[in-house]
Amino acid sequence: MLEALLFIVGIQMMIELLAAGYRFIDLKYRLADYWMRLTLRALCLLVFDLSMLLFLPAALASAFLWGQFAYLVFHIGVFWIIRAGLYLLRYRPDKTN
Amino acid sequence: MSIVTLDQVNKDQVDVAGGKGANLGELIASGFPVPPGFVVTADCYAAFVRDFKLPANDDLPGDTAAWLSTLRQRMLDTPLSPSLSIAIQQAHEALMTQRGKDILYAIRSSATAEDRADASFAGQHETYYYVEARQLDTMIRKCWASLWSEEAFSYRQSQAIEHRSVRMAVVAQEMVRSDVSGITFTADPVSGSDTVIVTESCWGMGAAIVDGRVSPDQYIVDKSNQTLTAIKISNKKCMVPASLAPNQTSRLQEVPAELRNKESLQEHHIERITALALQAEQHFGCPQDIEWAIHDDELFFLQSRPITVLGEQLPQVPPGRYVLFKSMAENFTDPLSPLTQDLLKDLVPMIKMIHGRAYIPFNHVRPLVPFQLSDEDVARLAYLSEPAAKPKISLPRSLFLALILIGNYLMMAVFNRRTANMPDDFMDGFRDHIDAIVEDESISAAETMMHAFARYRFFEPAGHMVLLVNLVAPRYIFTLGILKSLLARWCPNLPAETASLLCAGTDGILSKEMGQRILGLAEVARQDPALRQIITTTPLTGLESRLRSSPSASELVGALDSFLAKHGHRALKEFEFNAPRWEEDPGPILGMVRNYLLVDSDPADSESRIRKQRLRVQADVTAALARHAPPLLRLIRQGVVNQLVRQTQYYLKLRENSRFFHIMAFYAVRRKIQRIEASLLERDLLKCRDDIFYLHWHEVSDLNDEKLGWSDVEDLIRGRRMEHIRLSKITPQKTVGIEIDSPAPESSDSLSGQGASPGRYEGIARVIMDPATNSEIAPGEILVAPFTDPAWTPLFLTASAAVVEVGSYLSHAGTIAREYGMPCVVDVANCTSKIASGSRIVVDGTQGSVTLLEEDDNA
């Protein structure tokens, strides 16, 4: 049960980590104003993430890590699946009706 | 008898002169002013086609299109008999002698089955203008060939008319060099109401109206007392001039700037047309559709025929069940042009276009509703966006929906987090992104939307993904819902609309800023009386050039350019690619500036009132929280409320602002289409601007590749323009294939809709159908509109309440009304026809009702 919970927390952690990373791209145009805030946020998340991995018992840490890994694969996979879908849509036979 | 003059025929001689010729003869005999002419009788046609051995309906060849094409070509290639050619020439000479001058003709087809009360054949047979005597033979054969066009053929098929039995006379009538022309219906052609006379007019020849190329001025006269009850002046961009300039090949030309928004008819014209139209109706014994022309202030009737009620001829709907795509319908109610339909379907393949409007297949909606409801109730729910009365939860459907929501959460979770608490300008980079797409010639117009909205790189900045921003923004529905229920629990005595009022007044909403900047333009103009005079007296179409050439207007022009640099991609009906953007035609903006100058309003008062109202509500909430909780708990609750208000305001802003950027992509598509259009016009493959929007994308591609030519698409364009006009007069069905109960009949003094912004206001109604042509609303008046989009926002600064025919709580009207703190009721069916400008009404945005007050109540 606790493993399942940690798996979900791992998913949420990866969501936060990815979002924190993307923020550098999203706010690139105002990086001079935001770099410190963004870096701090990313560092805090990383520290929290590493702490979880270090201090949790091995089974729970593993579930937490699998949660993160699963979401990372899902996130990348969804991007390419959508890409492929758009490609198929572009070349579908009837585009007029 | 091969040729007869028009004054020799009457209404009983349809077999001889065809419907049009017989009617014209009858009009002349009855003393109506009709230009003289002669008729090449239907017998001549019969003799002409005798050798063609036309088959009976049961023996038609399989490939009718090819057969019709061959038949038409044969008709064009076969010369008239020498005796008929001589008779035509003699009739011309006789007419010339009678008129004492050389004559140019209008050559009109006049089929024996046309202009019947049950089948109009409107626009299906040819008419030719500016025809010289030497061209008569050819044009007469062309008219005969038009009897066998695919459109006319299909129409006869649908009406079960035996093709062989239809014959065609041709009317050669002296061409009136119209200064103004138009059509008068002695009953409303859409509703069939026989209490009004509807007149539509335009500059030049009436062909521009008949072809659907121009939005005419419209005059509505009460039949009982013949008083003018409504006038709609349109922006008349094109006209067919009365004479062609040397070397002019296209019969369409642009209307001079000073005439575009000018009334095409004067009062005495309307009186004369009305009187004669009534006389014609009385004479023929049924409501008439009359084409007329005015030359040198003299009125001529060109034809009169029975009205066929448009509403009875709706094209068929496809099989299946569909629900109107409300988020598009609430932004404008007109049908989309064929090209817009094609390109939107590329982006959202699931939508189905019916009567030019976007519908969603019902089977896409059904699984998303987790309640035990009938299909009819689900359709109502999908359209009305309001829960049915206490529906029961369906467990299987709830589980399915939960799975969808979890999947959606996982897919969008990163993006949700990325867009939380971003600075207001984070989507500004989308403008450069769009410019790059426009400049990239490898991306076609059809692919532009996909590139702008869906084809993202893995590391694309969130500000470039404006469609996804729009999809994640409705989170405010949850935060607002939570806020409402918490306030109801923690502050039970506060009114229900407190949460909405608390979340209004967000800074940084671009469409709100747009209204304020237009107001700023008016303030610049107000400082200089001479400039004010120019703006309030110069016709809108020439105003921009006048301002640009006037040194005293330099500050205003600078401010206008700055405004257009930011908001120039916006337009009225901006989902339609055919809608001109403000950058192309800033006339509507200058019209709004003029409106502000004409009315003595101070929107600062309105803003101050809104600010005070919000502060009062905030104070009420703070006091109520303090009354119902000990200090520490009060602080926690206040913090939760503040956080929910901030979140709601932020996501509301995100939704409204992402729309601002969506429209840039629509403009990008338009720019690409315009590029193709310029090339097609240059190569003479198209003859008139905007015609391209009446083609399908594959036809545009074929034209561009010169697989098609102008002659292949000319009739298609004309037919589709006519169809577009017809569809635009029809209120779209909310559902197709599913009957939903009509709401209970309303009392004559009360209309119901959805409350979109709370509050109650009593005042004078001002019905505005199109802010580009009429945007005068006085402070304190109530805006009554068919729909609204951001182009309407400036009107909200002057109005004190709003009533809108379509829309929902989330629609533009609701969002902006809440921002401005004014009551607003949306989804009020037919409010623009049921509420008259100048009448006193009460708008209750909390209850979602509008009450029409009697004269006695006005005191």
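In the predicted model, Lys352(B) stands opposite Tyr359(B) of strand β16(B). Strand β16 (residues 357-361) of chain B pairs with β15(B) in the antiparallel sense over 3 bridges, two strands being taken as paired if DSSP finds at least two bridges between them. Helices (H or I, at least four residues) and strands (E, at least two) are DSSP runs, numbered from the N terminus. Both strands belong to an open sheet of 4 strands in chain B, ordered β15-β16-β14-β17 with antiparallel pairing. Its edges are formed by β15 (352-354) and β17 (735-736) of chain B, each of which pairs on one side only.

Residues are numbered from 1 along each chain as its sequence is written, and chains are lettered from A and ligands numbered from 1 in the order in which they are written. As the model is predicted, local features need pLDDT of at least 70 and side-chain atom pairs count only at pLDDT 80 or more, whereas totals for chains, interfaces and linings use all residues.

A further set of pairings in chain B involves strand β7(B). Strand β6 (residues 180-185) of chain B runs antiparallel to β7(B) and is joined to it by 6 bridges; Ile183(B) has Glu200(B) as its bridge partner in β7(B). Another 6 bridges join β7(B) to strand β8 (residues 217-222) of chain B, again in an antiparallel arrangement, with Tyr219(B) of β8(B) as the bridge partner of Thr199(B). Of the 8 residues of β7(B) (residues 196-203), 7 are buried, so this strand is largely enclosed by the rest of the structure. A residue is classed as buried if 20 or more other C-beta atoms lie within 10 Å of its own, as exposed if 12 or fewer do, and as partly exposed in between, with C-beta atoms placed from the backbone.

Helix α15 (residues 445-453) of chain B has Ala445(B), Ala446(B), Thr448(B), Met449(B) and Ala452(B) buried. These residues cover an arc of only 165° around the axis, which puts them on the same side of α15(B); the arc is that of the directions from the helix axis to the C-beta atoms. The cover over the buried residues of α15(B) includes α10 (338-347), α14 (430-439), α25 (631-682) and α26 (697-704) of chain B.

Between the chains, 24 residues of chain B are in contact with 19 residues of chain A, where contact requires C-beta atoms, placed from the backbone, to lie within 7 Å. On the side of chain B that touches chain A, α10, α13 (395-418) and α26 of chain B each supply at least two residues, and α13(B) gives the largest share, 6 residues. The residues on this side comprise 15 nonpolar, 4 polar and 5 charged. Here Ala, Val, Leu, Ile, Met, Phe, Trp, Tyr, Cys and Pro count as nonpolar, Asp, Glu, Lys and Arg as charged, and the others, Gly among them, as polar.

Chain A contains 3 helices and 0 strands. Its radius of gyration is 18 Å, well over the 13 Å that the globule rule gives for 97 residues, so chain A is more spread out than a compact globule; the radius is taken over C-alpha atoms, and the rule is 2.2 Å times the number of residues to the power 0.38. The C-alpha trace of chain A spans about 60 × 45 × 15 Å along its principal axes. Buried residues account for 19% of the 97 residues in chain A.

Note on methods:
Contact = placed C-beta atoms within 7 Å.
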